[in-house]
Amino acid sequence: MFQPDVSVHHISQLINQEKPRLLSFIRRKVNDHSYSEDIYQEALERTLKRSIQGFVLNDPVSYIYKIANNIINDYYQKRVSEEMVCIDDQEVHCEKPQPDRNAEMNQKIEHFLLCLNQLPPETANLLVMRKVHGLTISEIARRVGKEPKSVEKRINRAMRSVLEQIERGVPAVSKRTWF
């Protein structure tokens, strides 16, 4: 887990180390590879700007992934709105999600983030490293200095908790003890 550090230089170094993985993450989500670097640059700019404004980034790497994901969502929402066509009384098959499906997915994502934010920070970071960054249990265990079995149990417990909250549809503070 990263310790809070408001040094823009330090944050820049951390993000630079993560650049190849972050670009890979962006490319997997965006079919337009020429836009991937633009998304990375914008995410970097927003992250550094936020740090300069005095916002304490406990985990700058996770933060830039969230920012990149938001930019990707905006990109797709913009593309969908540009490509919408009005056709009266005709049923059209479209492979892209309908606006109501997009709204539903955005709600689910927001709900997931609410549930994630209710986890203890260390546990949330473990889950982000596994599910967002795609790190293996062994890599995560090495990074946080814990046993792989312990890390695996905490990630599984956290996922169950988040999924239970999502199924209920109402974010609720978990009563489970995480430590």
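What separates Arg21 and Glu18 in helix H1? The two residues are 3 apart in the helix, so about one helical turn lies between them. Helices here are DSSP runs of H or I with at least four residues, and strands are E runs of at least two, numbered from the N terminus. The model is predicted: local features need pLDDT of at least 70, side-chain atom pairs count only at pLDDT 80 or more, and totals for chains, interfaces and linings use all residues. Residues are numbered from 1 along each chain as its sequence is written, and side-chain values use heavy atoms, with hydrogens and water left out.

Arg21 and Glu18 form a salt bridge, with the closest N and O atoms 3.5 Å apart. A salt bridge places a side-chain nitrogen of Lys or Arg within 4 Å of a carboxyl oxygen of Asp or Glu. By this rule there are 6 salt bridges. Glu18 is buried, at 6% relative accessible area, whereas Arg21 is partly exposed, at 33%. Buried means under 20% relative accessible area, exposed over 50%, and partly exposed in between (1.4 Å probe, protein chains only).

The buried residues of H2 include Ser36, Ile39, Tyr40 and Leu44. The arc is taken from the directions from the helix axis to the C-beta atoms. The face turned away from the buried side carries the exposed residues Ser34, Glu45 and Ile52.

The largest nonpolar core has 23 residues. Such a core is a set of buried Ala, Val, Leu, Ile, Met, Phe, Trp, Tyr and Cys residues joined through side-chain atoms within 4.5 Å. H1 (8-29), H2 and H3 (60-83) each supply at least two of its residues. The largest share, 9 residues, comes from H3. A second, separate core of 18 residues includes Cys115, Leu127, Ile140 and Ile155.

In helix H6 (residues 137-144), Ile137, Ile140, Ala141 and Val144 are buried. They fall within an arc of 100°, so they line one face of the helix. These residues pack against H5 (121-131) and H7 (148-168). Glu122 forms a salt bridge with Lys146 (closest N and O atoms 3.7 Å apart). Glu122 lies in H5 and Lys146 in the loop between H6 and H7, so the pair ties together parts 24 residues apart in sequence. Shared partners join Glu122, Lys146 and Arg154 into one salt-bridge network.

Terms used: Contact means heavy atoms within 4.5 Å.
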